[in-house]
Amino acid sequence: MPKKPPPGFGGLPAEFRNPKTAQIAVLPIPYDKTSTWQKGADKGPATIIAASANMELYDIPTRSEVYRRGIQTLSPIRHAGSPDKLADKVQKATSALFTAAKFPVLLGGEHSISIGAFRAAAAKYGDSLSILQIDAHADTREEYLGSKCNHACVMARARELAPITQVGIRAIDAEEVARLDPQRVFYAHTITTEPDNWMAAAVDQQRPNVYVTIDLDGFDPSLVPATGTPEPGGLSWNQVNQLLEMLTAERNVIGFDVVELLPKKELWASDFVAAKLVYRFLSTIFARR
Ligand SMILES: [Mn+2]
């Protein structure tokens, strides 16, 4: 029998996933209720965690081993009801992590899982908070299919709490365009044709504390094809990493989520991109602490 990797993100030995000492907490939220095209995002968290057991734990750019800070993996939030009720549960769980001084990493699930985390972050950081989104879709519909917490409304809920910055956007409804702040949207087509000064502009407009929400469809589908609503013309691995490095150098990142992986067995590279993204971002953040 092949040896089974230890449970939890990173496949870490017990001493590095000890809940008593871990500085980082991974919260899986296998929720897929409001997605409108392909289903299966509820398989995302377990798939990312399984892929993460195959990563090298030394991060080359930061020359660090962030797992030594301790990464605990919490029991998943399992919820089959409305996204509105889910937001309450996620808010409570995220607030508890802030109170325990643990750095929260939420794994979706579809994008509606982020709403509770935005609320917890806003409750803790108030006017010093901004929210940075990487995504193909603006997700700024006021209401969709009868809910204000549908995945298509996530960033409309976010901007009620804090200023938002949207990066990689390339799918939007005309009604959403009319209501957004053009200074705070970095469309994918401008990112890919202009030099990298867009990154400094995106970072400059952040408040001191930043929550980051990463929808994996923000990447180009040639890199991450396993999402429910793929859109061509997305960001590259290096662009996303550069942006997150610049952000981390200039601002305090207080938590993040990675959402919308829709695992397909034959597209396993997507699973690994998601796992490595989580680990790289953690390495970047904690190398400065
Ligand atoms: Mn999204």
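Guide: Let's begin with a term: the axis of a helix here is a line fitted to its C-alpha atoms over the stretch in contact, and the angle between two axes is taken between their N-to-C directions, from 0 to 180 degrees. Please keep in mind that this is a predicted model.

Now look for helix H7, residues 197-204, and helix H8, residues 237-250. Their axes lie 10 Å apart, and the two helices pack at an angle of about 40°. Angles under 35 degrees would count as roughly parallel, and 65 to 115 as roughly perpendicular. H7 and H8 are therefore oblique to each other, and their crossing is right-handed. On the H7 side, the residues that meet H8 are Trp198, Met199, Ala200, Ala202 and Val203. From H8, they are met by Gln239, Gln242, Leu243, Met246, Leu247 and Glu250.

Stay with H8 and turn to helix H9, residues 268-286. The axes of H8 and H9 come within 9 Å and cross at roughly 25°. With under 35 degrees as the cut-off, that angle makes H8 roughly parallel to H9. H8 passes H9 in a right-handed crossing. H8 brings Trp237, Val240, Asn241, Leu244, Glu245 and Thr248 to this contact, while H9 brings Val273, Lys276, Leu277, Arg280, Phe281, Thr284 and Ile285.

Next, let's visit the metal. Four residues coordinate the manganese ion, at 2.2 to 2.3 Å: His111 through ND1, and Asp135, Asp139 and Asp215 through OD atoms. Along the chain, these donors follow the spacing H-x23-D-x3-D-x75-D.

Finally, zoom in on His111, which you will find in the loop between strand E3 (103-108) and helix H3 (114-125). Its relative accessibility is 0%, so His111 counts as buried. The side chain of His111 makes a polar contact of 3.1 Å with the side chain of Asp135, and another, of 3.3 Å, joins it to the side chain of Asp215. Beyond its neighbours within four places in sequence, His111 also has contacts that include Gln133, His151, Val154, Thr213, Val259 and Glu260.

Notes
Residues are numbered from 1 along each chain as its sequence is written. This is a predicted model: local features need pLDDT of at least 70, side-chain atom pairs count only at pLDDT 80 or more; totals for chains, interfaces and linings use all residues. Side-chain values use heavy atoms; hydrogens and water are left out. Helices (H or I, at least four residues) and strands (E, at least two) are DSSP runs, numbered from the N terminus. Buried means under 20% relative accessible area, exposed over 50%, partly exposed in between (1.4 Å probe, protein chains only). A polar contact is a pair of N or O atoms within 3.5 Å; within protein, one must be able to donate a hydrogen and the other to accept it, and residues adjacent in sequence count only if both atoms are side-chain atoms. Contact means heavy atoms within 4.5 Å. Donors are N, O and S atoms within 2.8 Å of the metal (3.2 Å for Na, K and Ca); water is not among the atoms, so sites may look incomplete. Angles under 35 degrees count as roughly parallel, over 145 as roughly antiparallel, 65 to 115 as roughly perpendicular and the rest as oblique. A crossing is left-handed if the near helix is turned anticlockwise from the far one by less than a right angle, and right-handed if clockwise.
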